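Biologist: Hey, can you walk me through this one? I'd like to start with the salt bridges and then look at the holes inside.

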Amino acid sequence: MLAHDRRHAFGPWVFAAAAAYFLLHLYNILYMLGEMENPAILVWRFSASMGLVPDALPLVAALPAAAVFAADWNSGFAVPAVLRAGRRRYLRSKIAAACLGGGLAPLLGRLAFVVLLHILYRGDVAVAAEMFGPEGAMGMAFTGPAGYVGYFAGALLVQFAAGAFWALAALAFSAYVPNVLWTVCLPLILYRLFLELNAWTDLPMWLNLALLQDSETGLSFWPGLLAAAGIFGALSVAAALLFRHRAQRRLTYA
């Protein structure tokens, strides 16, 4: 990865976006801060899919590195960078930066929130087990310590996969419309379009990206994880190929 893109993928914008995502989660549980008898996983369950958190994920993912190509193109840096690094390496670097930056921002934000929950609240799962039982992905957490840790690890991996897709979708858009503001906002627009599509069709819940990114499809742990990896993975590959095709043509005639 080019040094310029590494700064986007692992630099301050990633941590700023992660901090904003963390604060949105924290805002959702302010009314529960005085109820320390709740188990951490129950607070997690109510916070992760409430308020602005689901809607904010596409924007959080786009902030770190989705607009790297648009910024390079508008500044005139793209063509000299291609001459120095080569077109293939340059395009691979943009894809890697968007994927890593977009995935890490929501992952780190939620990881910090999980750690905070287990500082503030009990790790006991008995109450949550009575409320939710073995159904859905959360049932994994009630199978023992390994299942408990595995559930949170799976949820974080799904967030990474979802964030990587939203960022790559924005990157693909930037190859057609190299405008930084539109590029960053595109995932929000796309997210709303997917919500409307699901509202007007009878697609299964596991094809609802809003539910899939929060592991709320009703599928049990492993099928849900495989569905998220398959769907977000396939969409990410499609977005990366779309970006590569269009950006290559744009750079050829620059």
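Modeller: Here is a short chat about salt bridges, cavities and a surface patch. This is a predicted model, so local features need pLDDT of at least 70, side-chain atom pairs count only at pLDDT 80 or more, and totals for chains, interfaces and linings use all residues. Residues are numbered from 1 along each chain as its sequence is written, and side-chain values use heavy atoms, with hydrogens and water left out.

Biologist: What does K94 pair with?

Modeller: K94 meets D5, 2.7 Å from N to O. K94 is in helix α7 (residues 87–120) and D5 in helix α1 (residues 3–10), so the pair ties together parts 89 residues apart in sequence. Helices are DSSP runs (H or I, at least four residues), numbered from the N terminus. D5 and K94 are also linked with D72 in a network of salt bridges.

Biologist: Are K94 and D5 buried or exposed?

Modeller: Both are buried. Buried means under 20% relative accessible area, exposed over 50%, and partly exposed in between (1.4 Å probe, protein chains only).

Biologist: And which residue does R110 bridge to?

Modeller: D214, at 2.8 Å from N to O. R110 counts as buried at 1% relative accessibility, and D214 is buried too, at 9%.

Biologist: What about R45?

Modeller: R45 forms a salt bridge with E216, with the closest N and O atoms 3.5 Å apart. R45 sits in helix α3 and E216 in the loop between α11 (209–212) and α12, 171 residues apart. R45 is partly exposed, at 22%.

Biologist: Switching topic: how many cavities of 30 Å³ or more are there?

Modeller: Two. On a 1 Å grid over the protein atoms alone, a cavity is a set of points where a 1.4 Å probe fits but cannot get out, and lining residues have an atom within 4 Å of a point. A volume is the space filled by probe spheres set on the points, which are joined across faces, edges and corners.

Biologist: What is the volume of the second largest cavity?

Modeller: About 70 Å³. Its lining includes R45, R110, D214 and E216, and α9 gives the largest share, four residues.

Biologist: And how much space lies in the largest cavity?

Modeller: About 110 Å³. Among the residues closest to its centre are A137 and F221.

Terms used: On a 1 Å grid over the protein atoms alone, a cavity is a set of points where a 1.4 Å probe fits but cannot get out, and a pocket is an open set with protein on both sides within 12 Å along at least five of seven lines; lining residues have an atom within 4 Å of a point. Helices (H or I, at least four residues) and strands (E, at least two) are DSSP runs, numbered from the N terminus. A salt bridge is a side-chain nitrogen of Lys or Arg within 4 Å of a carboxyl oxygen of Asp or Glu.
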